[in-house]
Amino acid sequence: YIQTARGRGFRLIGPVVESKTPTHGASRPVIAVLRPELFAPNDEWRFMADTLAEDITTDLARFQEFDVVARNSAFSIDSTQNVQRTAAALGADYLLEGSLSVKESLRATFQLIRAEDGIHIWANRFEIPFAEVPQLSDEISGVVANELAGWRGQVHGAELHRLRRKPASTFDAYENYLMAVHYEHIFSDESIEPGLEFARQAAALDPYHARTQLMLFFLERRAESLTGVSDPGARARASTAIERAYELDPRDPLILSEIAATRASQKRYADMTDILTLAVDYSRNQADALALLANLIVPLIDDVSTARELITDAKRLNPFHPVWYQFPVVRIAFFGEDYERCLAQGSLDSPHMAVSLFSLLSTAMAKSAPETAEARELFFSHFPGFDFAEHEETFPIVAPKAVELFRRAADRVMAA
């Protein structure tokens, strides 16, 4: 305990006891971006090599999945010693090595190394014509950062692989969070309960981790999105979780995106707009955040062109994007009245309610009444409890043009 000592400040009273509760920071992985090697006829390219590594360090630091060693510390280390010594000196779990070679073009090569065993778990190489170097250097740093970070990044995958060797009963807060993310991204009925169990355990061990609260929000909402059946209790728990996440980290772009949608549901439209603006700013160079924003921005503010730019940027930064990027693609196509694209990118047989829904709505707008009736029967056989008005309210869809189009298409579905 701390006690005030008059005229002197504070003093500690009672014994010091080591906490048995793991903290988020104790297990979150650490990555260091080492100074790239340079293979060039002169040192004129050294500035380019160092700048590229610094840009990657900066981009990685924008992600919440791990900690990043400061550039000055990483550059000061003697990287010619073995991997374990280098990592130990920096306190890093992963090292990103790189090199630049100059011949007929500029070749940039990167390798991610797991410190505990020196195994290369990822590598990439970029060939850049000299004329395009100024434009592509930013592009390279963004692509490298998004291949390493994010919910489908290499570090996340490596950490999940590590957990296979540990009993779940020994997981700390961050490890439970990783497992919650894993189950949340399976997108199936069977994954919801184990995902919630891990997320709740993570929150119990570390109640101050914002991303755990975000995961609780997603998982509580997942059952509704998979079945189309309203669950007021799950919705209330989801609302509590996202508000707590926002309280803990009001700069996380993924949290900001969902808070903007929450404010729309609460009819606090001025707050919604301000928060969306912040989310766009903080999402820069983060593919997952850009994709989530693209998913929300049309039904919230009727901005189809910005939504298209966001999903295009997300796919550019993450060429091997996960399946859930399909959600914004079909929504943008529908609200942009590109029904053929929505049908081509979506599927009425999709197990994901949102994909199936917008395929149904596009069928109603682009196909015949008999085809729409057939599509309706298929959709409701998968999601028998679905209600259009309730979806409009809870998704939410609030932008005037988006509301009008959604209702018109829903009316066609039911009239077919």
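Q: Which residue in E7 stands opposite Gly98?
A: Phe110 stands opposite Gly98. This is a predicted model, where local features need pLDDT of at least 70, side-chain atom pairs count only at pLDDT 80 or more, and totals for chains, interfaces and linings use all residues. Residues are numbered from 1 along each chain as its sequence is written, and side-chain values use heavy atoms, with hydrogens and water left out.

Q: What are the labels E and H?
A: They are DSSP runs, numbered from the N terminus: helices (H or I) have at least four residues, strands (E) at least two.

Q: How many bridges join E6 to E7?
A: Start with the rule. Two strands pair if DSSP finds at least two bridges between them. Here, nine bridges join E6 (residues 94-102) to E7, and the strands run antiparallel. E6 and E7 form a hairpin, with three residues between them.

Q: Why is strand E7 largely enclosed by the rest of the structure?
A: First, the terms: buried means under 20% relative accessible area, exposed over 50%, and partly exposed in between (1.4 Å probe, protein chains only). Eight of the nine residues of E7 (residues 106-114) are buried, so the strand is largely enclosed.

Q: How many residues of H11 are buried?
A: Twelve of its 13 residues are buried, and H11 is mostly covered. Among them are Leu254, Ile255, Leu256 and Arg263.

Q: Which residue caps the N-terminal end of H11?
A: Look for a polar contact: a pair of N or O atoms within 3.5 Å; within protein, one must be able to donate a hydrogen and the other to accept it, and residues adjacent in sequence count only if both atoms are side-chain atoms. Asp252 is the cap. One of its side-chain oxygens lies 2.9 Å from the backbone nitrogen of Leu254. After H11 comes Lys267, whose phi is positive, near 65°.

Q: How many salt bridges does the structure hold?
A: Side chains of opposite charge can pair when their charged atoms come close. A salt bridge is a side-chain nitrogen of Lys or Arg within 4 Å of a carboxyl oxygen of Asp or Glu. The structure holds 26 of them.

Q: Which residue forms a salt bridge with Arg235?
A: Glu390 does, with the closest N and O atoms 3.8 Å apart. Arg235 lies in helix H10 (residues 232-248) and Glu390 in helix H19 (residues 388-394), so the pair ties together parts that are 155 residues apart in sequence.

Q: What separates Glu404 and Arg408?
A: About one helical turn, because they are four residues apart in helix H20 (residues 400-415). Glu404 forms a salt bridge with Arg408, the closest N and O atoms being 2.9 Å apart.
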